[in-house]
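Visitor: I'd like to learn how to read pockets and helices in a model. Can we walk through one together?

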Amino acid sequence: MKGFIPLPYFSYLSDDEMRQSAVEFNQFLQKRRTVRDFSDKPVAKEIIEQCILAAGSAPSGAHMQPWHFVAISNSEIKAKIREAAEIEEKEFYEHRASKEWLKALEPLGTDTNKPFLEKAPWLIAIFAERYGLDEQGNRIKHYYTPESVGISCGMLISALHASGLATLTHTPSPMGFLKDILKRPTNERPFLILVCGHPAEDATVPDLKRLELEEVSSFFE
Ligand code: IYR
């Protein structure tokens with residue numbers, strides 16, 4: 001078919017190599033933990049750039065690639081984001097969140113205070129493009145945008161983990177302030193803030209268990 005090329009690369013593995021690779025990759029991802037205590041140790045921009053490129057390799061609806069990544073190491077902008085996020089978080093913890101929601105958050109020990117938004121060397125704000133814009137400013141329809149951007153964020157988290165960095169998926173709600181602070185166009189919607197860096201030396205994480213295979217899956221064979 002026109003516009004098609006032969007599959008340029010595929011890692012053909014033997015059954016044994018496949019099994020080993022699957023086990024090792026799972027073990028590697030199982031070592032990822034969401035961290036809330038970050039060190040201010042700098043992280044080179046090149047690492048963040050490579051991870052964003054990896055995230056941009058995600059599949060997307062009709063290959064519209066409906067994402068934009070804003071990477072921030074600038075202290076003033078981080079301080080502005082923290083200030084705006086803490087205003088929303090205060091509203092959330094004091095008024096908006098239901099009792100049930102607050103109870104569900106208890107094991108995580110979260111509160112209105114978000115020092116990591118200033119302390120961590122990088123914040124990556126991910127935006128979802130609700131529609132695209134061509135050179136003349138006409139709208140281009142996007143498909144399965146939340147699915148596409150969600151997959152891309154998963155790949156970004158994995159790439160950062162593979163680079164030896166810790167992350168925190170942070171979703172102050174609503175996140176409209178990100179559009180203003182980061183001056184993003186009207187077709188974009190803030191999707192997630194990913195806090196990235198080295199964990200603090202004394203970082204702790206909640207003692208959480210992941211579900212077993214039987215709990216998360218079923219098979220028809
Ligand atoms: N955005 C708030 C609350 C929060 C909500 C969920 I769902 C979490 O998994 C964690 C926190 C906060 O960041 O504290």
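Guide: A volume is the space filled by probe spheres set on the points, which are joined across faces, edges and corners. This is a predicted model, where local features need pLDDT of at least 70 and side-chain atom pairs pLDDT 80 or more, while totals for chains, interfaces and linings use all residues. Residues are numbered from 1 along each chain, and side-chain values use heavy atoms, without hydrogens or water.

Visitor: What is the volume of the largest pocket?

Guide: About 540 Å³. Its lining has 24 residues, with Arg36, Leu105, Leu108, Thr110 and Thr169 closest to the centre.

Visitor: And the second largest pocket, which residues lie nearest its centre?

Guide: Arg36, Asp37, Gly109, Pro115 and Phe116, out of 18 lining residues. That pocket's volume is about 310 Å³.

Visitor: How do I check a helix such as α6?

Guide: Helices are DSSP runs (H or I, at least four residues), numbered from the N terminus. The expected span is 1.5 Å times one less than the number of residues. Helix α6, residues 145-162, has 18 residues and should span 26 Å, and its end C-alpha atoms are 26 Å apart, so the two agree.

Visitor: Which α6 residues are buried?

Guide: Buried means under 20% relative accessible area with a 1.4 Å probe, protein chains only. In α6 the buried residues include Val149, Ser152, Cys153, Leu156 and Leu160. Just after α6, Gly164 has a positive phi of about 85°.

Note on methods. On a 1 Å grid over the protein atoms alone, a cavity is a set of points where a 1.4 Å probe fits but cannot get out, and a pocket is an open set with protein on both sides within 12 Å along at least five of seven lines; lining residues have an atom within 4 Å of a point. Helices (H or I, at least four residues) and strands (E, at least two) are DSSP runs, numbered from the N terminus. Buried means under 20% relative accessible area, exposed over 50%, partly exposed in between (1.4 Å probe, protein chains only).
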